[in-house]
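Please keep the sequence and the 3D view open while you read. The points below go from one chain to the contact between chains, and then to single residues.

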Amino acid sequence: MGGEGMFPLIYSPRVEWTIADLYFILTPYLTFLGWLFLFAVLMAAVLLFTMVFFIIMFSDLECDYINPIDLCNKLNQFVLPEMIAHAFLTLCFLLSGQWLAFLLNAPLVGYNVNKIMAKNHMYDATEIFRTLSGHKKESFIKLGFYLVSFFYYLYRMILALISESD
Amino acid sequence: MSQEIHLPQGWEARWDGQSNAYIYVEQSTGRSQWEVPTQPSYGSSPAPQQSAPSSRPGRRQYPTAQIQQVYGGGGYDAQPQQQPITAPGYPDQGGAQQQPQYFTPGFGGQDAQQPSYGQQPQQPAYGGQQAPAYGQQGGYGGAQQQPVDQMNNQFQQMNMGYQGQGQAPNHGGPQLHSIQTVNLIGMQPDVSGLDAPPPPSLLPPNASVTASPHIQPDPSYQRCTLTSMPTTQSLLNKSKLPLALVMAPYRSFRESDGDDPVPVIEDSVIARCRRCRAYINPFVTFIEGGNRWKCCMCGLSNEVPQLFDWNQVENKQADRWARKELNHSVVEFIAPTEYMVRPPQPPVYAFVIDVSQQAVQSGMVAVAARTILESLDNIPNADKRTKIAIIAVSTSLHFFSLPVGATEASMLVVSDLTDVFLPKPVDLLVNLTESRPAIESLLGKLSDMFQDSHTVGNALGSALQAAHQLIGKIGGKIIALTATLPTLGEGVLKARDDPKLLGTSKESSLLNAASSFYKTFAIECSKQQVAVDMFLFSTSYTDVATLSCLPRYTAGQTYLYPGFNASRSEDAIKFATEFSKVLAMPIGLEAVIRVRASRGIRMSAFHGNFFIRSTDLLALPVVPTDQNYVIELQLEDDIKGSFVVLQTAILHTTCYGERRIRVITQAMPTTDSISELYGSADQVAIATYLTNKAVERSMSHSLDDARNTITNKLGDMLSVYKNQVTSSAGASAQLAVPDNLKLLPLLCCALVKHVGLREGASIPPDLRAYAQCLLTTLPCQSLIPYIHPRFYSLHNMPPEAGNPGDDGIIALPPALNLTSERLERHGLFLIEDGQNIFIWVGHEAVPRLIQDVFDLNSYGELQGGKTTLPLLDNPFSQRVNNIIAKTRELRRGVYRPHVYVVKSDAEPALRSWALSLLVEDRMDHMSSYAQYLTTVKSKVSLYV
């Protein structure tokens, strides 16, 4: 929006905002750190919603609104993306030297890797009812974890903003 | 004939449907007689005035009113009269002064029962309406009012009579089990107690609307680990007793065992609760004059269906109290179309036969083809709709086109294994009756066809997919016979039996599936109502653990024939017998099982071969007979009532094209005392439950963990018993157990030493996995001997043993304790666990004995191993053969045990196998029964 002048802005108002627009708006205010934590906040929100989705699906199963086969087919699509997203975020923290944030996330990455190695990361329709309570517990704990990290990232982002404006 | 009846005040005439005559009942005393009371006075006045009809409870009022409506006008020969009675010739007037009696005429001769009626009030009761077997008749509610407690007493006595416990004391409180504590340390267990029935379920009086002896299911259908239900979960937790249902709802029906056929309700009047969908059963209550019934589970009042009291065949009013669903715990309803997703499907069988070189050489293909051929008439095919398909598989898939009218089959080979397709849309799955000539000709030469094949490799997974495509539209059963590991196409398996893993904590990984294909495929099958039976013939590792996944989740069964070689006649006979029984099995198709229970009870876990489709719905594409399921129960809320009802319903299509619902209703009294819980514990059911839990544990954790689970649970139970029930806390030299659980420690000891769970590095993973399959599917009747084998001494058996008794049944010798102390050097012994029979020959056996049994001159000539005993012309040989024959047919199920001759001083492998069944002995580093008890005792003292 830099050198376009006033005229085009008045006569063709921008209704669609793209990431690029956001970038240009925010660039003056955010440092790299700010960007990192903004990204982390968004990721945490996405992961948060994934967990809520998981928990809703599990309750649906308990109430017999969905059968175990469909449930597992649906959830299994999200298992690996969720883990990868989380691992990527952790990697970002590691590369940017955010040790506290990295240490916060490392145990969960380790847990996920361990699950993949043991090949029991996918939901198994034949076992789902026996392991349902465990899955629910795990999802709730992850939900709590993502919630905590969401606020932590938000706090760090704001901190970064403030330090910049100073 | 419609003469109106006038009976004097205090008399009542009742119609007795069974003898087609009136009974005359004196209302004040409850006594009844056939004769018209005194001088008849015909046709003078209208129907009898009942003394106090209005004060009777509603549900009792109803039948009489109805009966009078139907029969009241007379039209029958007998003409009731009224008259005060003076002294009819009935004995037993003892209690009549205070508590009037009620006799039903048909009952007069039953002395044993009579006393219990002696104290009864004049309550005519539905007790009078028992099944004909009881020989009791008549007696719809009399017009008398009576105190409820008297009524209770009567029912109590009835229940007691049914349970064979004689007469109950006449008090109002609930019945309790009498607990006897026994000490186990230093005692030899009494193994004959293993066949004892579970403790009786002491239902409160008037729990059921009829007093039929069949209101509780036979333990072979369904039993519960506790025959009293705790009122709260905390009580259950505190008692440490497991709460689970153990059931084999599709139990086979054997007339030789005295089984009654399951009563079938043919008029398709199915009364169900609107809210909880429970089926009407003997434990409901009728209210509002019998127009409504109150559900015994959720308490909702439901309308009685209009046709409930109507005999649709003869088009007349029927007797409600004679309805089978009110008199029997196990009934089958014929389901109307609302219960069908589609018209009843025909039974469909797809055979997938491995024809690789190894399979052909072992003779499996030849025996299988011949057995199928011979069983074609026995395959359920009553309405001539049964369909059959045969796929032979090696490195490619061989389909057989069997068109109607053809006498020869033509073979179609598909070698594309990755994307399986059917080479022909029709004629691959054919009607058994229509294409019989082609099928017969194919089976006749199937083995020869592949005789010269040298193909090594087995595309089992692809063949299963093809079979699934073939029958998926209809559903049915895939019977896979394979002698090699699947090495091609889908679901390839590797020989992963690394001997280094055995005996370590990693061993449990060998008990889990190696490939997810067999699980996902099983789910596909279950969706399409296809079940898979696996027949595995291994000479080497076949990965039973993985392949048995298919039967596990599709409600099939796994059969293993280790080292199968058809040139040994024993192997061929065993396989052919079992296979033909499987083929002839009357299966149920497209089934679902659901257990409903009184409010507050929840099904929390399920064990067995099925797919759990929702929280409480078990899907079984095919229900095989005699398969066991264990369902764990939890209490969500406190239970209020005096008894609870558990109802198992299994909706299925019979192989004769009928949609049916088999309903099994069980009622249990509630209790809030721990000692009562212990008094009502059923050791056989608990052992079955522990077996299933342990096997589950061995897969999810480790074998070590599984064994510890068993011992710890036993220790928990006994310590609670010691501290809470016998109140003798502190250390003691005794191990106190309730009398009804006295064999549980023995069963637990046997279980931790069972081949499916035993410690040790010498058990091949295949055998272990197969043993675990059996442990989780055998019904109690076969499971208990499988855990704790039977041991007989043959050389000194009593004279009646081995000979047919008066009833024509071969008597078995008394069972011995499973300890090698009982083995004598000159003796002949038999050990059997339902899967194998071992004939143990002592090395000092007299030549005469060897001569008589084996037709050999001396012990030295005797060969150990798999054998068939010759039937010789001497009484001893005949008796031994009789005992073996009896053992083979003793239990339900298809299994035909092998006979092994074990010489006491040769063949160490066989010898130690046989000795490993003697579970009371010390074996390697596994403790003996006495040591096991000490371990348990130390755990018990630990918990103080």
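In what order do the elements of chain A run from the N terminus on? They run α-α-α-α-α-α.

1. Ground rules. This is a predicted model, where local features need pLDDT of at least 70, side-chain atom pairs count only at pLDDT 80 or more, and totals for chains, interfaces and linings use all residues. Residues are numbered from 1 along each chain as its sequence is written, chains are lettered from A and ligands numbered from 1 in the order in which they are written, and side-chain values use heavy atoms, with hydrogens and water left out.

2. Chain A, overall. Chain A holds 6 helices and 0 strands. Helices (H or I, at least four residues) and strands (E, at least two) are DSSP runs, numbered from the N terminus. Of its 166 residues, 40% are buried. Buried means under 20% relative accessible area, exposed means over 50%, and partly exposed lies in between (1.4 Å probe, protein chains only).

3. Contacts and surface of chain A. Take the contacts in chain A with a separation of 6 or more: 75% of them join residues 24 or more positions apart. A contact means heavy atoms within 4.5 Å. The accessible surface of chain A is about 9,900 Å². Carbon and sulfur atoms account for 72% of that surface. The areas come from the Shrake-Rupley method with a 1.4 Å probe; for residues, only the protein chains shown count as cover.

4. Record against model. An unreviewed UniProt entry lists residues 32–58, 79–102 and 143–162 of chain A as "transmembrane region". UniProt positions are given in the numbering used here, feature names are shortened, and annotations may be inferred rather than shown by experiment. In the model, residues 79–102 of chain A are 88% helix and 0% strand, with end C-alpha atoms 21 Å apart. Residues 143–162 of chain A are 100% helix and 0% strand, and their end C-alpha atoms lie 28 Å apart.

5. Where the chains meet. Chain A brings 12 residues to the contact and chain B brings 11 residues. About 1,100 Å² is buried between chain A and chain B, with 64% from carbon and sulfur atoms. Buried area is the accessible area (1.4 Å probe) that two parts lose on being put together, summed over both. On the chain A side, A:Ile69, A:Thr126 and A:Phe129 lose the most area to chain B, together 48% of what that side buries.

6. Charges across the interface. How many salt bridges does the rule find across the interface of chain A and chain B? It finds 3. A salt bridge is a side-chain nitrogen of Lys or Arg within 4 Å of a carboxyl oxygen of Asp or Glu. One pair to look up is A:Arg130 with B:Glu696, whose closest N and O atoms are 2.9 Å apart. Helix 3 (32–62), helix 4 (68–95) and helix 6 (128–165) of chain A each supply at least two residues of the side that touches chain B.

7. An enclosed helix in chain B. Why is helix 10 (residues 517–527) of chain B largely enclosed by the rest of the structure? Because 8 of its 11 residues are buried. Among them are B:Phe517, B:Tyr518 and B:Lys519. Helix 10 of chain B is followed by B:Gln529, whose phi is positive, near 60°.

8. A buried loop residue. B:Thr625 lies in the loop between strand 26 (617–623) and strand 27 (629–635) of chain B. Is B:Thr625 buried or exposed? B:Thr625 counts as buried, at 12% relative accessibility. Leaving out residues up to four places away in sequence, B:Thr625 touches B:Tyr250, B:Ser252, B:Met585 and B:Pro586.

9. Salt bridges within chain B. Over all chains, the structure holds 42 salt bridges. B:Arg436 and B:Glu440 form one (2.8 Å, N to O). Both lie in helix 7 (residues 436–449) of chain B, 4 residues apart, about one turn of the helix. B:Arg848 and B:Asp852 also meet in a salt bridge (3.5 Å, N to O). B:Arg848 is exposed at 59% relative accessibility, whereas B:Asp852 is buried at 14%.

10. A link between loops. B:Arg825 and B:Glu844 form a salt bridge, with closest N and O atoms 3.8 Å apart. B:Arg825 lies in the loop between strand 31 (790–793) and strand 32 (828–832) of chain B, and B:Glu844 in the loop between strand 33 (836–841) and helix 20 (847–854) of chain B, so the pair ties together parts that are 19 residues apart in sequence.
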